[in-house]
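Please look over the structure shown here before reading on. The briefing that follows goes through the fold, the core and some of the strands.

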Amino acid sequence: MLKTRIIPVLLFKRYGLVKGISFDSWRRVGTSLPAVKVYCEREVDELVFLDIAATPEGRTVDVEEVDHLADECFMPLTVGGGIRRPEDVRAILRAGAEKVSINTGALENPGLIDEVSRRYGRQCIVISIDVKRHDDGRYEVFSHCGTQPTGRCPEEWAREAAERGGGEILLTSIDRDGTMEGYDIALTRRVSDVVDIPVIAAGGAGSSEHICQVLTEGGANAAAAASIFHFTQQTPREAKQFLASRGIHVRL
Amino acid sequence: MILIVDHGLCNVDSVARAIEECGGSPLISEDPAECARAERIILPGVGSFHEASGILHEKGWVSAIRREVLEYGIPLLGICLGMQLLASTGTEGGDAPGLDLIPGSVVRLEPPDKTVRIPHVGWNEVHQNQSSPLFADIPDKKDFYFTHSYHLVPTREEHVLATTPYCGSFVSIVGSGKVFGTQFHPEKSLGGGLRMLKNFLAVC
């Protein structure tokens, strides 16, 4: 049986790890390498490492940093930040990540997904989609670390990205991000219903119950979370024990 | 020296690090001539079969690896796409020839219904079908990390060392003599994966 994954997310910004609220008010939460080592010791399912300053600063995630982290990481690692060219993907895979997360680069040039998928296989491309909910209930995809509206609807973009060769979708609710008030279940359901690739829900986890909800009601195939693991005593393992008690298959 | 084949489409560094962690001395190389010095060869891979097959044939890896394995009995481990490349043919990105060390073909996973998602990504059980030196100190049905859309269908049952339940069931480890292939990533499967790599390093 394929196990449902719980994925801690590490956000990197200029020399350190940060966590914000709704993609703003960033707080320093530590340095990358010790965090990766701890998660490796705790045998988490997978890690996502995103350099959130890369796109706004017009550069690509620091490959040397990735190389150092991957050296300590005998578990799955997805890396993202400013990826715009197939060469960026090659460098990151070589450094020891086996998946890349592409966001703004794919929105600006959707053909990048086709190109990377053809060369490296679809299993290595995670399409990261950041979404804001407007007051009228309409959802819109935002690029550039949540700062620029794209006019795209999340379901449409998710479907297109999957058709072009995306392997997974990392779907983040900007509104819920860092609030620990629960995932946006409706948004997750909308997207998971229209694609046949795995959907990883992100943004809003504050309890194991929230994680359970997004997997069952939201139809997500995996749950990513940051604040809950950075700012509370809860661990990925405890979350998985809770999920197991609810009949969800996890790796313990 | 443990030679890690670098065909430009893979996570070579993480495989090399894992081999170091297991006490081996890895060498990442783009030069098939290094095969002659290798005590063991690892063919890693993420990427598409067609692309990788083209590069392996063009650069002379296919004949070099086949010679070491078939004439000198050098142990070989294919990982993920590297396992698939052991087959006779692949279909991803158009039909292409593999190393033809494990007779069989590589085809796409076929989901029985829409709830079963492709790629198959995450931790899943490896059911041991027969005894193998790779399984020393590894319990049956241990979870390993997978990420793939295609799988190898060996022609001969005796090459099936393990299977994994997804889309029905698919072959997750193949073996023939000292040639092995794992569809999952041992280098990314924490303790169990490192144990399996150690077992491969001990194959004699």
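Leaving aside its neighbours within four places in sequence, which residues is A:Ile200 in contact with? In this predicted model, A:Ile200 touches A:Ile7, A:Glu168, A:Ile169, A:Leu170, A:Leu171, A:Ala220, A:Asn221, A:Ala222 and A:Ala224 once those sequence neighbours are set aside.

**Overall fold**
- Chain A contains 10 helices and 12 strands.
- A compact globule of 252 residues would have a radius of gyration near 18 Å, and the 16 Å of chain A agrees with this.
- Along the principal axes, the C-alpha atoms of chain A fill a box of roughly 45 × 45 × 40 Å.
- Of the 252 residues in chain A, 57% count as buried.
- Taking contacts in chain A between residues at least 6 apart in sequence, 65% join residues at least 24 apart.

**Nonpolar core**
- The largest nonpolar core has 149 residues, and those touching the most other members are A:Leu47, A:Ile169, A:Leu171, A:Ile200, A:Ala223 and A:Ala224.
- Strand S1 of chain A (residues 5–13) gives the most to this core, with 6 residues.

- S1(A) runs antiparallel to strand S2 (residues 16–21), and 3 bridges join the two.
- A:Leu11 has A:Val18 in S2(A) as its bridge partner.
- The hairpin of S1(A) and S2(A) has 2 residues between the strands, and A:Arg14 in the turn has a positive phi of about 40°.
- S2(A) also pairs with strand S3 (residues 24–30), in the antiparallel sense and over 4 bridges.
- Here A:Lys19 stands opposite A:Arg27 in S3(A).
- In the hairpin of S2(A) and S3(A), with 2 residues between the strands, A:Ser22 takes a positive phi near 50°.

Methods:
Residues numbered from 1 in each chain as written. Chains lettered and ligands numbered in written order. Predicted model: local features only at pLDDT ≥ 70, side-chain atom pairs only at ≥ 80, totals over all residues. Core = buried A, V, L, I, M, F, W, Y, C linked by C-beta atoms within 7 Å. Buried ≥ 20, exposed ≤ 12 C-beta atoms within 10 Å, placed from the backbone. Contact = placed C-beta atoms within 7 Å. Pairing = 2+ DSSP bridges. Rg over C-alpha atoms; globule rule 2.2 N^0.38 Å.
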